[in-house]
Amino acid sequence: MSAPARRRSNGFTLIELLVVLAILTLLAGLVGPRVLGQLGGAKSKTAGVQIADLEKSLELFKLDVGRFPTTEEGLQALSAKPASANGWNGPYIKGSVPNDPWGKPYKYATVAAGIEIMTLGADGAAGGDGENADVKNQQ
């Protein structure tokens, strides 16, 4: 083989590299928004799972103490003994109470039907759609 033929077969031309970059850019433009959309849904699902775990921990609290924590005691009653909780055998969660996936504390209240644990979603306001929708435990 001659020297020019050997040199040409050792690398890519500028046109070939530009075509590959164009294809990768198109793929990123098509796939990127779908991946980012899935990340948002993942936060709502994570909030649902965390709320279910907190609800189970609250049930354990109720078995030991005979009642759910009051609204004033809040979810902190799962990690630190409230003064009026005779029979407390916690902590009922590892570490401290987690924040929701958007970095805000979960809202907790005792209601007539039992307990309510919720997060207001990404926007921090009641109501909303998609990632801004409220996520709460099933009563």
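Q: Which residues form the aromatic cluster here?
A: Phe61, Trp88 and Tyr92 make up one aromatic cluster. Keep in mind that this is a predicted model.

Q: How many aromatic pairs does a search of the whole structure find?
A: Two aromatic pairs turn up when the whole structure is searched. In one of them, the ring centres of Phe61 and Tyr92 are 5.8 Å apart and the planes sit at 70°, so this pair is edge-to-face.

Q: Where in the chain do Phe61 and Tyr92 come from?
A: The pair links distant parts of the chain. Phe61 belongs to helix 2 (residues 14-65), Tyr92 is in the loop between helix 2 and strand 1, and the two are 31 residues apart.

Q: And what about Trp88 and Tyr92, what's the geometry there?
A: Trp88 and Tyr92 are an edge-to-face pair as well, at 5.7 Å centre to centre with 85° between the planes.

Q: Why does 12% put Tyr92 in the buried class?
A: Because buried means under 20% relative accessible area, and Tyr92 has 12%.

Q: How many bridges hold strand 1 and strand 2 together?
A: Five bridges, in the antiparallel sense, with strand 2 covering residues 114-119. Lys107 is opposite Met118 in strand 2, and Thr110 is opposite Ile115.

Q: How many residues of strand 2 are buried?
A: Five of the six are buried, so strand 2 is largely enclosed by the rest of the structure.

Q: Now the outside. Which residues form the nonpolar patch on the surface?
A: Leu14, Ile15, Leu18, Val19, Val20, Leu21, Ile23, Leu24 and Leu27 form the patch, and together they have about 880 Å² of accessible area.

Q: Pick Leu21. Where is it found, and is Leu21 buried or exposed?
A: Leu21 is in helix 2.

Q: Zooming out, what pattern does the protein chain follow along the sequence?
A: The pattern is α-α-β-β-β, from two helices and three strands.

Q: What share of the protein chain is buried?
A: Buried residues account for 26% of the 139 residues.

Q: And how much accessible surface does the protein chain have?
A: About 9300 Å², and 61% of that belongs to carbon and sulfur atoms.

Q: Last one: among contacts between residues at least 6 apart in sequence, what share join residues at least 24 apart?
A: In the protein chain that share is 41%.

Definitions and conventions:
Residues numbered from 1 in each chain as written. Predicted model: local features only at pLDDT ≥ 70, side-chain atom pairs only at ≥ 80, totals over all residues. Heavy atoms only, no water. Pairing = 2+ DSSP bridges. Helix = DSSP H or I, 4+ residues; strand = E, 2+ residues; numbered from the N terminus. Phe/Tyr/Trp six-rings, centres within 6.5 Å; stacked < 30°, edge-to-face > 60°. Buried < 20%, exposed > 50% of the residue type's maximum accessible area, 1.4 Å probe, protein only. Patch = residues over 30% accessible without salt bridge, like charges linked within 9 Å, V, L, I, M, F, W, Y side chains within 5 Å. Areas by Shrake-Rupley, 256 points an atom, 1.4 Å probe, with all protein chains shown as cover. Salt bridge = Lys/Arg side-chain N within 4 Å of Asp/Glu carboxyl O. Contact = heavy atoms within 4.5 Å.
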